[in-house]
Amino acid sequence: MKITEHIKKANGKTLFSFEIIPPKKGKRIQELYNNIDPLMEFDPPFIDVTTSREEYIYLDKGEGLLDRKITRMRPGTVGICAAIKHKYNVDTVPHVLCGGFTKEETEYLLVDCHYLGIDNVMALRGDAMKHQQYFEAAQGGHIYAKELVSQIQNLNSGKYLHDVIEADDRADFCIGVAGYPEKHIESPSLQTDLKRLKEKVDAGADYVVTQMFFDNKKYFDFVDAAKKAGINVPIIPGIKPVAVKRHLQLLPQVFKIDLPEELILEIEKCKNNKQVRQIGVEWSIQQSKELLAAGVPVLHYYSMGKSDNIKAIATELF
Ligand code: FAD
(Lines give C-alpha, C1' and ligand atoms only; values in the text may rest on other atoms or scores of the structure.)
Protein backbone atom coordinates (compact mmCIF):
# COMPACT_ATOMS: atom_id res chain seq x y z
CA MET A 1 0.00 0.00 0.00
CA LYS A 2 1.18 3.54 -0.72
CA ILE A 3 2.52 5.72 2.12
CA THR A 4 -0.03 8.38 1.15
CA GLU A 5 -2.82 5.78 1.52
CA HIS A 6 -1.50 4.76 4.96
CA ILE A 7 -1.61 8.42 5.99
CA LYS A 8 -5.12 8.85 4.62
CA LYS A 9 -6.32 5.67 6.29
CA ALA A 10 -4.90 6.79 9.65
CA ASN A 11 -7.39 9.68 9.51
CA GLY A 12 -5.31 12.18 11.47
CA LYS A 13 -3.64 9.67 13.81
CA THR A 14 0.15 9.97 13.77
CA LEU A 15 1.88 6.83 12.50
CA PHE A 16 5.20 5.36 13.63
CA SER A 17 7.90 4.36 11.14
CA PHE A 18 11.64 3.96 10.99
CA GLU A 19 14.64 3.66 8.71
CA ILE A 20 17.26 0.93 8.77
CA ILE A 21 20.56 0.48 7.01
CA PRO A 22 21.55 -2.80 5.31
CA PRO A 23 24.18 -4.82 7.18
CA LYS A 24 27.74 -4.79 5.95
CA LYS A 25 28.50 -7.39 3.28
CA GLY A 26 29.04 -10.79 4.86
CA LYS A 27 26.92 -10.07 7.97
CA ARG A 28 23.76 -12.05 8.59
CA ILE A 29 20.34 -10.55 7.97
CA GLN A 30 19.29 -12.02 11.34
CA GLU A 31 21.04 -9.08 13.04
CA LEU A 32 18.70 -6.77 11.21
CA TYR A 33 15.67 -8.82 12.20
CA ASN A 34 16.83 -8.74 15.84
CA ASN A 35 16.62 -4.96 15.68
CA ILE A 36 13.33 -4.84 13.81
CA ASP A 37 11.53 -7.39 16.03
CA PRO A 38 11.24 -5.12 19.11
CA LEU A 39 9.74 -2.30 17.02
CA MET A 40 6.97 -4.28 15.34
CA GLU A 41 4.64 -3.98 18.37
CA PHE A 42 4.28 -0.26 17.46
CA ASP A 43 2.69 -1.25 14.18
CA PRO A 44 4.83 0.61 11.65
CA PRO A 45 2.98 0.75 8.33
CA PHE A 46 6.30 1.05 6.54
CA ILE A 47 10.05 0.67 7.04
CA ASP A 48 12.65 2.51 4.96
CA VAL A 49 15.86 0.80 3.86
CA THR A 50 18.76 3.04 2.87
CA THR A 51 21.13 2.58 -0.05
CA SER A 52 24.80 3.36 0.38
CA ARG A 53 27.06 4.95 -2.20
CA GLU A 54 29.84 2.86 -3.67
CA GLU A 55 33.39 3.61 -2.53
CA TYR A 56 36.96 2.95 -3.52
CA ILE A 57 39.02 0.35 -1.71
CA TYR A 58 42.71 -0.31 -2.22
CA LEU A 59 44.00 -3.88 -2.44
CA ASP A 60 47.64 -4.58 -1.69
CA LYS A 61 49.18 -6.16 -4.80
CA GLY A 62 52.59 -6.49 -3.15
CA GLU A 63 55.83 -4.73 -4.12
CA GLY A 64 54.34 -1.44 -3.00
CA LEU A 65 51.54 -1.57 -5.53
CA LEU A 66 47.89 -0.94 -4.77
CA ASP A 67 44.93 -1.99 -6.87
CA ARG A 68 41.99 0.43 -6.72
CA LYS A 69 38.58 -1.25 -6.82
CA ILE A 70 35.13 0.16 -6.51
CA THR A 71 32.69 -1.58 -4.19
CA ARG A 72 29.47 -1.14 -2.27
CA MET A 73 29.90 -2.05 1.42
CA ARG A 74 26.20 -2.38 2.22
CA PRO A 75 24.46 -3.76 -0.87
CA GLY A 76 21.14 -5.53 -0.93
CA THR A 77 18.58 -2.77 -0.33
CA VAL A 78 15.89 -4.21 -2.59
CA GLY A 79 16.48 -7.79 -1.39
CA ILE A 80 16.24 -6.65 2.22
CA CYS A 81 13.03 -4.75 1.43
CA ALA A 82 11.51 -7.90 -0.05
CA ALA A 83 12.68 -10.06 2.87
CA ILE A 84 11.27 -7.68 5.49
CA LYS A 85 8.04 -7.13 3.57
CA HIS A 86 7.31 -10.83 3.46
CA LYS A 87 8.58 -11.69 6.95
CA TYR A 88 6.64 -8.97 8.75
CA ASN A 89 3.87 -8.21 6.27
CA VAL A 90 4.79 -4.54 6.29
CA ASP A 91 5.42 -2.09 3.46
CA THR A 92 9.05 -1.33 2.78
CA VAL A 93 10.58 1.67 1.05
CA PRO A 94 13.87 1.17 -0.77
CA HIS A 95 15.98 4.29 -1.16
CA VAL A 96 16.86 4.70 -4.82
CA LEU A 97 19.90 6.84 -5.63
CA CYS A 98 21.00 8.79 -8.68
CA GLY A 99 24.66 8.50 -7.65
CA GLY A 100 26.44 5.42 -8.94
CA PHE A 101 23.59 4.19 -11.14
CA THR A 102 22.85 4.58 -14.81
CA LYS A 103 19.25 5.25 -15.79
CA GLU A 104 19.06 1.73 -17.20
CA GLU A 105 20.20 0.18 -13.90
CA THR A 106 17.59 2.27 -12.13
CA GLU A 107 14.94 1.03 -14.52
CA TYR A 108 15.84 -2.61 -13.79
CA LEU A 109 15.82 -1.92 -10.05
CA LEU A 110 12.34 -0.40 -10.35
CA VAL A 111 11.13 -3.36 -12.39
CA ASP A 112 12.42 -5.66 -9.61
CA CYS A 113 10.57 -3.56 -7.02
CA HIS A 114 7.37 -3.83 -9.03
CA TYR A 115 7.66 -7.64 -9.29
CA LEU A 116 8.28 -7.81 -5.54
CA GLY A 117 5.12 -5.85 -4.75
CA ILE A 118 7.01 -2.84 -3.40
CA ASP A 119 4.69 0.14 -3.79
CA ASN A 120 6.88 2.98 -2.49
CA VAL A 121 10.32 4.27 -3.31
CA MET A 122 12.35 7.13 -1.91
CA ALA A 123 14.04 9.05 -4.75
CA LEU A 124 17.37 10.59 -3.72
CA ARG A 125 20.39 12.02 -5.40
CA GLY A 126 22.95 10.65 -2.95
CA ASP A 127 26.00 12.47 -1.66
CA ALA A 128 29.34 12.89 -3.37
CA MET A 129 31.63 9.87 -3.02
CA LYS A 130 34.23 10.13 -0.25
CA HIS A 131 37.04 11.22 -2.57
CA GLN A 132 34.89 13.75 -4.45
CA GLN A 133 34.35 17.35 -3.42
CA TYR A 134 31.10 17.63 -5.37
CA PHE A 135 28.52 15.13 -6.47
CA GLU A 136 29.16 13.65 -9.90
CA ALA A 137 26.53 11.65 -11.71
CA ALA A 138 27.41 8.23 -13.10
CA GLN A 139 27.89 8.25 -16.85
CA GLY A 140 24.34 8.00 -18.12
CA GLY A 141 22.92 8.68 -14.66
CA HIS A 142 20.80 11.44 -13.20
CA ILE A 143 22.26 14.66 -11.80
CA TYR A 144 19.34 15.64 -9.55
CA ALA A 145 16.69 13.70 -7.64
CA LYS A 146 14.02 15.53 -9.66
CA GLU A 147 15.15 13.67 -12.80
CA LEU A 148 14.89 10.37 -10.93
CA VAL A 149 11.36 11.29 -9.83
CA SER A 150 10.49 11.95 -13.49
CA GLN A 151 11.89 8.55 -14.52
CA ILE A 152 9.77 6.82 -11.88
CA GLN A 153 6.70 8.79 -12.94
CA ASN A 154 7.33 7.85 -16.55
CA LEU A 155 7.45 4.20 -15.52
CA ASN A 156 4.17 4.73 -13.68
CA SER A 157 2.65 5.82 -16.96
CA GLY A 158 4.15 2.88 -18.83
CA LYS A 159 7.05 4.79 -20.39
CA TYR A 160 10.32 2.88 -20.18
CA LEU A 161 13.63 4.49 -21.14
CA HIS A 162 14.09 3.09 -24.61
CA ASP A 163 11.30 0.65 -25.16
CA VAL A 164 7.83 1.34 -26.34
CA ILE A 165 5.88 -1.24 -24.39
CA GLU A 166 2.18 -1.73 -24.14
CA ALA A 167 2.38 -2.21 -20.39
CA ASP A 168 -0.47 -4.38 -19.17
CA ASP A 169 0.76 -4.32 -15.59
CA ARG A 170 1.93 -0.83 -14.86
CA ALA A 171 3.91 0.14 -11.82
CA ASP A 172 2.25 2.75 -9.65
CA PHE A 173 4.97 3.80 -7.24
CA CYS A 174 4.32 6.30 -4.50
CA ILE A 175 7.41 8.51 -4.48
CA GLY A 176 9.10 10.06 -1.47
CA VAL A 177 11.79 12.76 -1.63
CA ALA A 178 14.11 14.44 0.85
CA GLY A 179 13.51 17.86 2.40
CA TYR A 180 15.87 19.93 4.51
CA PRO A 181 14.47 22.15 7.32
CA GLU A 182 17.96 23.62 7.72
CA LYS A 183 18.52 23.65 3.92
CA HIS A 184 20.71 21.34 1.88
CA ILE A 185 24.42 22.11 2.20
CA GLU A 186 24.85 22.89 -1.49
CA SER A 187 21.88 25.21 -1.73
CA PRO A 188 22.60 28.94 -1.63
CA SER A 189 19.50 29.64 0.49
CA LEU A 190 16.55 27.92 2.14
CA GLN A 191 14.23 29.65 -0.33
CA THR A 192 16.15 28.27 -3.33
CA ASP A 193 16.19 24.83 -1.73
CA LEU A 194 12.40 25.03 -1.32
CA LYS A 195 12.08 25.96 -4.97
CA ARG A 196 14.03 22.78 -5.79
CA LEU A 197 11.81 20.76 -3.47
CA LYS A 198 8.75 22.17 -5.23
CA GLU A 199 10.25 21.04 -8.55
CA LYS A 200 10.54 17.49 -7.17
CA VAL A 201 6.91 17.57 -6.06
CA ASP A 202 5.80 19.01 -9.41
CA ALA A 203 7.72 16.18 -11.12
CA GLY A 204 5.58 13.68 -9.19
CA ALA A 205 6.82 13.24 -5.62
CA ASP A 206 3.96 12.25 -3.31
CA TYR A 207 5.51 12.99 0.06
CA VAL A 208 8.61 14.44 1.71
CA VAL A 209 10.72 13.04 4.55
CA THR A 210 12.90 15.57 6.31
CA GLN A 211 16.51 15.45 7.27
CA MET A 212 16.93 15.04 11.03
CA PHE A 213 16.49 18.17 13.14
CA PHE A 214 16.74 18.70 16.89
CA ASP A 215 14.75 21.90 17.21
CA ASN A 216 11.08 21.48 16.25
CA LYS A 217 10.77 25.15 15.35
CA LYS A 218 12.95 24.44 12.32
CA TYR A 219 10.47 21.78 11.16
CA PHE A 220 7.39 23.94 11.81
CA ASP A 221 8.94 26.92 9.98
CA PHE A 222 9.94 24.64 7.12
CA VAL A 223 6.43 23.21 6.77
CA ASP A 224 4.96 26.76 6.77
CA ALA A 225 7.47 27.95 4.18
CA ALA A 226 6.85 24.83 2.06
CA LYS A 227 3.11 25.48 2.10
CA LYS A 228 3.69 29.09 1.08
CA ALA A 229 5.88 27.80 -1.76
CA GLY A 230 2.93 25.69 -2.95
CA ILE A 231 4.11 22.32 -1.61
CA ASN A 232 1.00 20.51 -0.50
CA VAL A 233 2.15 16.92 0.04
CA PRO A 234 2.71 15.38 3.51
CA ILE A 235 6.01 16.42 5.10
CA ILE A 236 7.15 13.64 7.43
CA PRO A 237 9.57 14.67 10.19
CA GLY A 238 12.72 12.57 10.55
CA ILE A 239 13.93 12.14 14.13
CA LYS A 240 17.30 10.87 15.25
CA PRO A 241 18.13 10.26 18.89
CA VAL A 242 21.69 11.28 19.72
CA ALA A 243 23.50 8.12 20.83
CA VAL A 244 27.17 8.86 21.40
CA LYS A 245 29.18 11.91 22.43
CA ARG A 246 30.92 11.97 19.07
CA HIS A 247 27.57 12.88 17.48
CA LEU A 248 28.14 16.43 18.71
CA GLN A 249 30.74 16.83 15.96
CA LEU A 250 29.62 14.13 13.55
CA LEU A 251 25.96 15.07 13.02
CA PRO A 252 26.64 18.74 12.15
CA GLN A 253 29.53 17.69 9.93
CA VAL A 254 27.75 14.95 8.01
CA PHE A 255 24.19 16.27 7.94
CA LYS A 256 24.86 20.02 8.11
CA ILE A 257 22.47 20.60 10.96
CA ASP A 258 22.62 22.56 14.21
CA LEU A 259 22.13 21.13 17.68
CA PRO A 260 20.38 23.29 20.29
CA GLU A 261 22.61 24.71 23.03
CA GLU A 262 20.55 23.03 25.75
CA LEU A 263 21.05 19.59 24.19
CA ILE A 264 24.78 20.18 23.72
CA LEU A 265 25.17 21.16 27.39
CA GLU A 266 23.29 18.07 28.55
CA ILE A 267 25.45 15.80 26.40
CA GLU A 268 28.66 17.48 27.52
CA LYS A 269 27.75 16.72 31.14
CA CYS A 270 27.53 12.97 30.40
CA LYS A 271 30.28 10.75 31.77
CA ASN A 272 29.78 7.94 29.26
CA ASN A 273 27.83 7.04 26.14
CA LYS A 274 25.17 5.18 28.14
CA GLN A 275 24.22 8.52 29.66
CA VAL A 276 24.38 10.20 26.24
CA ARG A 277 22.02 7.56 24.85
CA GLN A 278 19.57 8.30 27.67
CA ILE A 279 19.71 12.06 26.99
CA GLY A 280 19.16 11.33 23.30
CA VAL A 281 16.07 9.27 24.11
CA GLU A 282 14.64 11.93 26.43
CA TRP A 283 15.24 14.70 23.89
CA SER A 284 13.57 12.70 21.12
CA ILE A 285 10.59 11.95 23.37
CA GLN A 286 10.08 15.67 24.05
CA GLN A 287 10.48 16.47 20.35
CA SER A 288 8.08 13.70 19.37
CA LYS A 289 5.42 14.72 21.91
CA GLU A 290 5.33 18.24 20.50
CA LEU A 291 5.21 16.95 16.93
CA LEU A 292 2.43 14.51 17.88
CA ALA A 293 0.43 17.34 19.44
CA ALA A 294 0.87 19.29 16.20
CA GLY A 295 -0.66 16.36 14.32
CA VAL A 296 2.24 15.36 12.06
CA PRO A 297 1.29 12.48 9.74
CA VAL A 298 4.14 10.17 10.73
CA LEU A 299 7.02 10.18 13.21
CA HIS A 300 9.88 8.64 11.28
CA TYR A 301 12.96 7.55 13.24
CA TYR A 302 16.50 7.09 12.01
CA SER A 303 17.50 3.89 13.77
CA MET A 304 20.96 3.45 12.23
CA GLY A 305 20.39 -0.26 12.67
CA LYS A 306 19.94 -0.22 16.48
CA SER A 307 16.48 -0.36 17.99
CA ASP A 308 16.79 -0.14 21.79
CA ASN A 309 16.62 3.67 21.87
CA ILE A 310 13.83 3.84 19.27
CA LYS A 311 11.86 1.30 21.30
CA ALA A 312 12.33 3.39 24.46
CA ILE A 313 10.98 6.44 22.60
CA ALA A 314 8.07 4.63 20.94
CA THR A 315 7.03 3.05 24.26
CA GLU A 316 6.35 6.57 25.59
CA LEU A 317 4.35 7.64 22.56
CA PHE A 318 2.53 4.84 20.76
P1 FAD B 1 18.41 16.85 -4.79
O2 FAD B 1 17.00 17.07 -4.51
O3 FAD B 1 18.81 16.51 -6.18
O4 FAD B 1 19.19 18.18 -4.34
C5 FAD B 1 20.60 18.19 -4.24
C6 FAD B 1 21.08 19.65 -4.28
O7 FAD B 1 20.92 20.18 -5.59
C8 FAD B 1 20.30 20.59 -3.36
O9 FAD B 1 21.19 21.55 -2.86
C10 FAD B 1 19.29 21.25 -4.30
O11 FAD B 1 18.88 22.51 -3.81
C12 FAD B 1 20.13 21.34 -5.58
N13 FAD B 1 19.35 21.31 -6.81
C14 FAD B 1 18.29 20.54 -7.11
N15 FAD B 1 17.88 20.75 -8.37
C16 FAD B 1 18.73 21.69 -8.88
C17 FAD B 1 18.86 22.32 -10.16
N18 FAD B 1 18.04 22.04 -11.16
N19 FAD B 1 19.86 23.22 -10.33
C20 FAD B 1 20.74 23.52 -9.32
N21 FAD B 1 20.65 22.95 -8.09
C22 FAD B 1 19.66 22.04 -7.89
N23 FAD B 1 21.84 9.34 0.93
C24 FAD B 1 22.25 8.11 0.57
O25 FAD B 1 23.35 7.98 0.00
N26 FAD B 1 21.48 7.00 0.81
C27 FAD B 1 20.27 7.08 1.41
O28 FAD B 1 19.60 6.05 1.61
C29 FAD B 1 19.81 8.35 1.83
N30 FAD B 1 18.60 8.50 2.44
C31 FAD B 1 18.17 9.75 2.80
C32 FAD B 1 16.91 9.89 3.40
C33 FAD B 1 16.46 11.15 3.78
C34 FAD B 1 15.12 11.30 4.44
C35 FAD B 1 17.27 12.30 3.58
C36 FAD B 1 16.80 13.66 4.02
C37 FAD B 1 18.52 12.16 2.96
C38 FAD B 1 18.98 10.91 2.56
N39 FAD B 1 20.22 10.74 1.94
C40 FAD B 1 20.64 9.49 1.56
C41 FAD B 1 21.11 11.88 1.72
C42 FAD B 1 20.92 12.55 0.34
O43 FAD B 1 21.27 11.65 -0.68
C44 FAD B 1 21.83 13.79 0.31
O45 FAD B 1 21.36 14.74 1.22
C46 FAD B 1 22.10 14.39 -1.06
O47 FAD B 1 23.20 15.27 -0.93
C48 FAD B 1 20.95 15.17 -1.66
O49 FAD B 1 19.94 14.35 -2.05
P50 FAD B 1 18.53 14.94 -2.59
O51 FAD B 1 17.75 13.80 -3.03
O52 FAD B 1 17.97 15.87 -1.59
O53 FAD B 1 19.07 15.76 -3.86
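This briefing describes the fold of one protein chain and then some of its elements and residues. The structure is a predicted model. Its secondary structure comprises eleven helices and ten strands, and eight of the strands form a closed barrel with parallel pairing. Of the 318 residues in the chain, 49% are buried.

**Overall dimensions and surface**

- The radius of gyration of the chain is 20 Å, which agrees with the value near 20 Å for a compact globule of 318 residues.
- Taken along the principal axes, the box filled by the C-alpha atoms is roughly 65 × 60 × 45 Å.
- The chain has an accessible surface of about 16100 Å², and carbon and sulfur atoms account for 50% of this surface.
- Of the contacts between residues at least 6 apart in sequence, 75% join residues at least 24 apart.

**The barrel**

- The order of strands around the closed barrel is E1-E2-E5-E6-E7-E8-E9-E10. From one strand to the next, the twist averages 30 degrees.
- Strand E1, residues 15–20, pairs with strand E10, residues 298–302, in the parallel sense over five bridges. Within this pairing, Ser17 has His300 of E10 as its bridge partner.
- Helix H5, residues 145–156, packs on the sheet and touches strands E5 (91–97), E6 (120–124) and E7 (174–179). The direction of H5 makes about 150 degrees with that of E6.
- Helix H11, residues 308–317, also packs on the sheet, where it touches E1 and E10. Its direction makes about 160 degrees with that of E10.

- On one side, E5 pairs with E2 in the parallel sense over four bridges, and Asp48 has Val93 of E5 as its bridge partner.
- E5 also pairs with E6 in the parallel sense, over three bridges, and here Val96 stands opposite Ala123 of E6.

**Helix H3**

- Helix H3 spans residues 77–88 and has twelve residues. The distance from its first C-alpha to its last is 16 Å, close to the 16 Å expected at 1.5 Å a residue.
- The buried residues of H3 are Thr77, Val78, Ile80, Cys81, Ala82, Ile84, Lys85 and Tyr88.
- An α-helix has 3.6 residues a turn, so residues three or four places apart point the same way.
- The buried residues of H3 pack against strands E1, E2 (46–49) and E5, and against helices H2 (29–36) and H4 (103–115).
- After H3 comes Asn89, which has a positive phi, near 55 degrees.

**Two residues in the loop between E7 and H6**

- Pro181 is located in the loop between E7 and helix H6, residues 190–203. Pro181 counts as buried because its relative accessibility is 6%, under the 20% cut-off.
- Apart from neighbours within four places in sequence, Pro181 is in contact with Leu190, Thr210, Gln211, Phe213, Lys218, Tyr219 and Phe222.
- Pro181 and Leu194 are 13 residues apart along the chain, and their C-alpha atoms are separated by 9.3 Å.
- His184 also lies in the loop between E7 and H6, and at 14% relative accessibility His184 counts as buried.
- When residues up to four places away in sequence are not counted, His184 touches Arg125 and Asp193.

**Ile70 in strand E4**

- Ile70 belongs to strand E4, residues 65–71. With a relative accessible area of 47%, Ile70 is partly exposed, because this class lies between the cut-offs of 20% and 50%.
- Leaving aside neighbours within four places in sequence, the contacts of Ile70 are Glu54, Glu55, Tyr56 and Met129.
- Between Ile70 and Val208, the separation is 138 residues in sequence and 31 Å in space, C-alpha to C-alpha.

Methods
Residues are numbered from 1 along each chain as its sequence is written. This is a predicted model: local features need pLDDT of at least 70, side-chain atom pairs count only at pLDDT 80 or more; totals for chains, interfaces and linings use all residues. Side-chain values use heavy atoms; hydrogens and water are left out. Two strands pair if DSSP finds at least two bridges between them. Axes are lines fitted to C-alpha atoms, for helices over the stretch in contact, and angles run from 0 to 180 degrees between N-to-C directions. Contact means heavy atoms within 4.5 Å. The radius of gyration is taken over C-alpha atoms; the globule rule is 2.2 Å times the number of residues to the power 0.38. Buried means under 20% relative accessible area, exposed over 50%, partly exposed in between (1.4 Å probe, protein chains only). Accessible areas come from the Shrake-Rupley method with a 1.4 Å probe; for residues, only the protein chains shown count as cover. The expected span of a helix is 1.5 Å times one less than its number of residues.
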